[in-house]
Amino acid sequence: MSGNVRGGAAKPGADTASPLVVIVEDDEGVREGLQDLLHSVGLDTLAYGATRDLLAATLPDRPGCLILDVRLPGSSGLDLQAKLAAMGNRMPIIFMTGHGDIPMTVQAMKAGALDFLTKPFRDQDMLDAIAVAIERDRTRRASSAGVAELEALAATLTAREAEVMAQVVKGLLNKQIAHALGISEITVKIHRGNVMRKMAAGSVADLVRKTELLKARASV
């Protein structure tokens, strides 16, 4: 089963910056009702009736969120949440269910769900949750793009420059770095200047901030 598209989400040339809401709900009436609601406020949607259909699809690279029913044919919404996390998909998830209970809610939230709405929910509650989710995804994507740019800058460093940078962000002076690496202080100054230029760092504090962002990405 292919995704049911509303609002032009999969049209060639669609604005990649415009948000997309992906819905996984086995009840066709609920699925289409959600699409109508979201289309009425100008949001594009893709909708699927089962988790296997979403997993088989190639989603557009656009900011947005996922709306998942907890109880679905085959693999559940909670199972899909775990699979998407393992695949590195970090789009915010809003769960909905008509059979929600506290353990289910706790499991979803601990796994990173943004919200959990019990059917029947108010349209405005869903729209509010989606607005928060889209903004969070935009922020995440902007941060990821910034880190990717830093990774590209760091890749231009030579092995020695990378060593010097590691010492600089520890707060060591040129003389101390020279002693630690067994090179002259003049050589340290040259490498240090190259590091600041290549990393587009305006100060040591700026360099430290950038290296911390790189470390955070590496630990994910």
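## A buried aspartate and its salt bridges

Asp69 is buried, with a relative accessible area of 4%; buried means under 20% relative accessible area, exposed over 50%, and partly exposed in between, for a 1.4 Å probe and protein chains only. The model is predicted, so local features need pLDDT of at least 70 and side-chain atom pairs count only at pLDDT 80 or more, while totals for chains, interfaces and linings use all residues. Residues are numbered from 1 along each chain as its sequence is written, and side-chain values use heavy atoms, with hydrogens and water left out.

The side chain of Asp69 meets that of Lys119 in a salt bridge (3.0 Å, N to O), a term for a side-chain nitrogen of Lys or Arg within 4 Å of a carboxyl oxygen of Asp or Glu. This pair links distant parts of the chain, 50 residues apart: Asp69 is in strand S4 (residues 64-69), and Lys119 is in the loop between S6 and helix H5 (123-154). Helices (H or I, at least four residues) and strands (E, at least two) are DSSP runs, numbered from the N terminus. Lys119 is partly exposed, at 26% relative accessible area. Together with Glu25, Asp69 and Lys119 are linked in a network of salt bridges.

## Salt bridges of helix H6

The structure holds 11 salt bridges. One of them joins Arg160 and Glu163 (2.8 Å, N to O); these residues are three apart in helix H6 (residues 159-168), and therefore separated by about one helical turn. Arg160 is partly exposed at 30%, and Glu163 is partly exposed at 37%.

Glu161 forms a salt bridge with Lys198, with the closest N and O atoms 2.8 Å apart. Because Glu161 lies in helix H6 and Lys198 in helix H8, the pair ties together parts that are 37 residues apart in sequence. Glu161 counts as buried, at 4% relative accessibility.

## The packing of H7 and H8

Helix H7 (residues 174-181) packs with helix H8 (residues 185-198) at an angle of about 105 degrees, and their axes are 8 Å apart. Axes are lines fitted to C-alpha atoms, for helices over the stretch in contact, and angles run from 0 to 180 degrees between N-to-C directions. The two helices are therefore roughly perpendicular to each other; angles under 35 degrees count as roughly parallel, over 145 as roughly antiparallel, 65 to 115 as roughly perpendicular and the rest as oblique.
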